[in-house]
Amino acid sequence: MRPSPIERFDLQSRIVLQADEAARTELSTREGFEFPDLEGSRQSVAWLLGLELTARVAGEGDAPAGAVTVDDAVAAVMARLAKTRCVATAYEPSADPDDYRDADDQTGALAFTCQLPDPAPLRPLHAAWRSARTDSERQQAAQHLLAAYVDHLAHAPDRPVHAQHATWSRPYTADHAVMQSMGVMGTLLPMLFPFDGWEDDDA
């Protein structure tokens with residue numbers, strides 16, 4: 001029996017976030033095609049985060065011995081992702097007849113909730129880094145920000161963040177399944193990597 005939209009989301013989120021093989025096996029069986037393990041997609045996320053962080057906080061010269069590195073921060077993001085739980089809370093089928101083929105293949109809006117830390121405590125440190133004038137001040141502020149960021153990701157408490165997929169349907173190929181599954185990152189990454197949004201706000 002094919003999964004409902006809510007069951008499908010819950011299984012997909014476990015695959016993309018926790019690399020849950022039991023969820024992948026179940027979804028593959030119920031969907032009728034082998035569901036991808038998404039490891040390559042997770043590696044791509046980590047690589048892009050590394051590039052983004054390096055562009056922001058890399059100072060002149062080598063970081064001091066024992067300093068928190070960009071690699072440490074990326075690892076902390078990926079570790080927090082692996083602990084994150086996202087659960088579907090409601091599904092509203094589309095009223096458009098073109099979006100409905102049968103009970104197992106329908107498009108609609110899906111609401112979900114993820115448990116994520118509040119990044120607000122990091123914002124003053126980010127502002128201090130942005131306002132640093134000299135290379136030395138900027139590198140020192142970057143180190144303070146990175147250290148606080150890693151600690152925040154490891155220890156900050158969760159709170160519910162509500163989101164929605166305006167279009168949610170049964171995946172029809174492995175490529176579509178990857179694209180759909182990784183869509184949850186659009187909710188998670190701005191909470192776990194908030195710097196882009198803050199810089200847009202300040203622009």
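Author: Happy to. On a 1 Å grid over the protein atoms alone, a cavity is a set of points where a 1.4 Å probe fits but cannot get out, whereas a pocket is an open set with protein on both sides within 12 Å along at least five of seven lines; lining residues have an atom within 4 Å of a point. Points are joined across faces, edges and corners, and a volume is the space filled by probe spheres set on them. This is a predicted model, in which local features need pLDDT of at least 70, side-chain atom pairs count only at pLDDT 80 or more, and totals for chains, interfaces and linings use all residues. Residues are numbered from 1 along each chain as its sequence is written, and side-chain values use heavy atoms, with hydrogens and water left out.

By this rule there is one cavity of 30 Å³ or more. The largest cavity holds about 40 Å³ of space. Around it sit Phe9, Gln12, Ser13, Val16, His165, Trp168, Gln180, Ser181 and Val184. Helix 1 (5-18), strand 5 (158-168) and helix 7 (174-182) each give two or more residues to this lining (helices are DSSP runs of H or I with at least four residues, strands runs of E with at least two, numbered from the N terminus). Helix 1 gives the most, with four residues. The lining has four nonpolar, five polar and no charged residues, where Ala, Val, Leu, Ile, Met, Phe, Trp, Tyr, Cys and Pro count as nonpolar, Asp, Glu, Lys and Arg as charged, and the others, Gly among them, as polar.

Two of those elements also pack against each other. Helix 1 and helix 7 do this at an angle of about 85°, with their axes 9 Å apart (axes are lines fitted to C-alpha atoms, for helices over the stretch in contact, and angles run from 0 to 180 degrees between N-to-C directions).

Now for an open space to set beside it. The second largest pocket has a volume of about 160 Å³, and its lining consists of Val45, Leu48, Leu49, Glu52, Leu189, Pro190, Phe193 and Asp196. Helix 3 (39-57) and helix 8 (185-192) are the elements that give two or more residues to it, and helix 3 has the largest share, four residues. Six of the lining residues are nonpolar, none polar and two charged.

Helix 3 also meets helix 4. Their axes come within 9 Å and cross at roughly 140°, and the two helices are therefore oblique to each other. On the helix 3 side the contact uses Arg42, Val45, Ala46, Leu49, Gly50, Leu53, Thr54 and Val57, and on the helix 4 side Val70, Ala73, Val74, Val77 and Met78. Ten of these residues are nonpolar, two polar and one charged.

Helix 4 (residues 70-83) has another partner in helix 6 (residues 135-155), with axes that come within 9 Å and cross at roughly 15°. This pair is therefore roughly parallel. Among the residues that make the contact are Val70, Ala73 and Val77 of helix 4, and Leu146, Tyr149 and Leu153 of helix 6. The whole contact divides into nine nonpolar, two polar and three charged residues.

How values were computed:
Angles under 35 degrees count as roughly parallel, over 145 as roughly antiparallel, 65 to 115 as roughly perpendicular and the rest as oblique. Contact means heavy atoms within 4.5 Å.
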